[in-house]
Amino acid sequence: MSLPKLVCVVGARPNFMKIAPICAALQARQTIEPFLVHTGQHYDAAMKETFFRQLKIPEPDVDLGVGSGSHALQTAQIMQRFEPVLDQAAPFAVLVVGDVNSTLACGLVAAKKQVPLIHVEAGLRSFDRTMPEEINRVLTDQLSELLFTTERSARDNLLREGIAEAKIHFVGNVMIDALLRHLEQAIPPVQTLARYGRRAPSEFGVLTLHRPANVDEPRVLESLLKALAAVSRRVPLVFPCHPRTYQRIERFGLNAILDRAEILVTEPLGYLEMLGLVRAARLVLTDSGGLQEETTALGVPCLTLRENTERPVTVTEGTNTLVGADPDKILAGVEEILQTGGKRGRIPELWDGRAAERIVAAIEAEFL
Ligand code: UD1
């Protein structure tokens, strides 16, 4: 007898660690057949294959092979290519995670075809519509029939936007499921840095940077890199560099700032390499959403290079502090961490490694 089919969508790097525990929970239950669609938004081996392999995500049933482009082009191509796949798969629902263009594009196709949409990581809001992700979040939530939240603030955001309470389920954080499950396999920094001919310093920070607001404007990026170079003279930094950031640094001729600093620039690292580095880091400087949560779960101090966060629990309960792109605030934040150890934080409610199980149970209750 064939099982009811659930189309699960992934597209970009931050989706992979969210879908992995959901696939594992579906596999364990054997009540629903997952049909995995990869849109191809991220395609480099370092941005995709490594994650599938390390997180043991099943091979996608379909790869839409969309690749990069403007927001309109990328979103439109995903929609166009997803529609026939959805027709053919004929699932009882479509599940999307996070806030990338693939999330919204597939959500919109599903909703128009009246296939119920399930959104994992619903209700997060930065209240900053200059972020493409914020638009993706608001619209995906409006289209969804079942909304799974990671923190309590998300429910209030959704209710304010007129989402019916019965659709909202506070289940915890699937990304933390993935983190807890892989901690033991995390690759020690010594091993990762040896690949770059470096020895692991006794203390180091981890840096990531890729938001358009930080990297697309030459003057902003230059000022940030100069501040980070100053930070690196207090604590050396490892900087796994997103391809879009690397392209900007080259195009704006800013390499020399990095060359003169104590910053080891690497290509994007795998999940297990990154987990090993972050766990051992004295501090993390980032504009990523996921790292704000992972550092909170690991108890590692995090300085977020943004003015706002859609994940406020990482600030109110976790180890996260917002410092924006202001060099003085960044340096003061680093100094405080080096002198006091930074915020201790506590693990937010339901970030216990069982979010995916709760999600599958709620899907079964709703649809089977
Ligand atoms: C996307 C997500 C962002 C997420 C980030 C994580 C949207 C709107 N943004 O941003 O929320 O935090 O992923 O990485 O969906 N590129 C490569 N190889 C790849 C993929 C991208 O070189 O495998 C380069 C291309 O030049 C591309 C650029 O990176 O144009 C941007 O890629 P894109 O998928 O448009 O957005 P991200 O910046 O990665």
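Just after helix α14, G299 adopts a positive phi of about 75 degrees. Helices (H or I, at least four residues) and strands (E, at least two) are DSSP runs numbered from the N terminus. The model is predicted: local features need pLDDT of at least 70 and side-chain atom pairs count only at pLDDT 80 or more, whereas totals for chains, interfaces and linings use all residues. Residues are numbered from 1 along each chain as its sequence is written, and side-chain values use heavy atoms, with hydrogens and water left out.

**Helix α14.** Residues 289-298 form α14, and 9 of these 10 residues are buried, so the helix is largely enclosed by the rest of the structure. Here buried means under 20% relative accessible area, exposed over 50%, and partly exposed in between (1.4 Å probe, protein chains only). The buried residues are G289, G290, L291, Q292, E293, E294, T295, T296 and A297. Their cover includes the helices α7 (174-182), α13 (271-280) and α15 (313-316), together with the strands β11 (283-286), β12 (302-304) and β13 (320-322). At the start of α14, a side-chain oxygen of S288 comes to within 3.2 Å of the backbone nitrogen of G290. Such a polar contact is a pair of N or O atoms within 3.5 Å; within protein, one must be able to donate a hydrogen and the other to accept it, and residues adjacent in sequence count only if both atoms are side-chain atoms.

**The sheet.** An open sheet is built from 7 strands in the order β3-β2-β1-β4-β5-β6-β7, with parallel pairing; two strands pair if DSSP finds at least two bridges between them. Its edge strands, β3 (62-63) and β7 (168-170), each pair on one side only. Strand β6 (residues 146-149) is joined to β7 by 3 bridges, and F148 stands opposite H169 in β7. Helix α5 (residues 132-143) packs on the sheet and touches β4 (93-97), β5 (117-120) and β6; its direction makes about 140 degrees with that of β5. Axes are lines fitted to C-alpha atoms, for helices over the stretch in contact, and angles run from 0 to 180 degrees between N-to-C directions.

Strand β4 is mostly covered, with 5 of its 5 residues buried. In a regular strand the side chains alternate between the two faces of the sheet. In β4, A93, L95 and V97 point one way and V94 and V96 the other. Strand β1 (residues 5-10) pairs with β4 in the parallel sense over 3 bridges, and V7 has V94 as its bridge partner. The parallel pairing of β4 with β5 runs over 4 bridges, where H119 is the bridge partner of V96.

**The ligand site.** Of the 20 residues around the ligand, H42, N101, E133, H210 and R244 come nearest; a residue is near a molecule or strand if one of its heavy atoms lies within 4 Å of it.

| Residue | Distance to a ligand oxygen |
|---|---|
| Q41 | 2.8 Å |
| H210 | 2.8 Å |
| Q247 | 3.0 Å |

Taken alone, the ligand exposes 740 Å², of which the protein buries 88%. Accessible areas come from the Shrake-Rupley method with a 1.4 Å probe; for residues, only the protein chains shown count as cover.

**Residue H242.** The loop between β9 (237-240) and α11 (243-251) contains H242. Because its relative accessibility is 12%, H242 counts as buried. Apart from neighbours within four places in sequence, H242 is in contact with R13, H42, M47, L209 and H210, where contact means heavy atoms within 4.5 Å.
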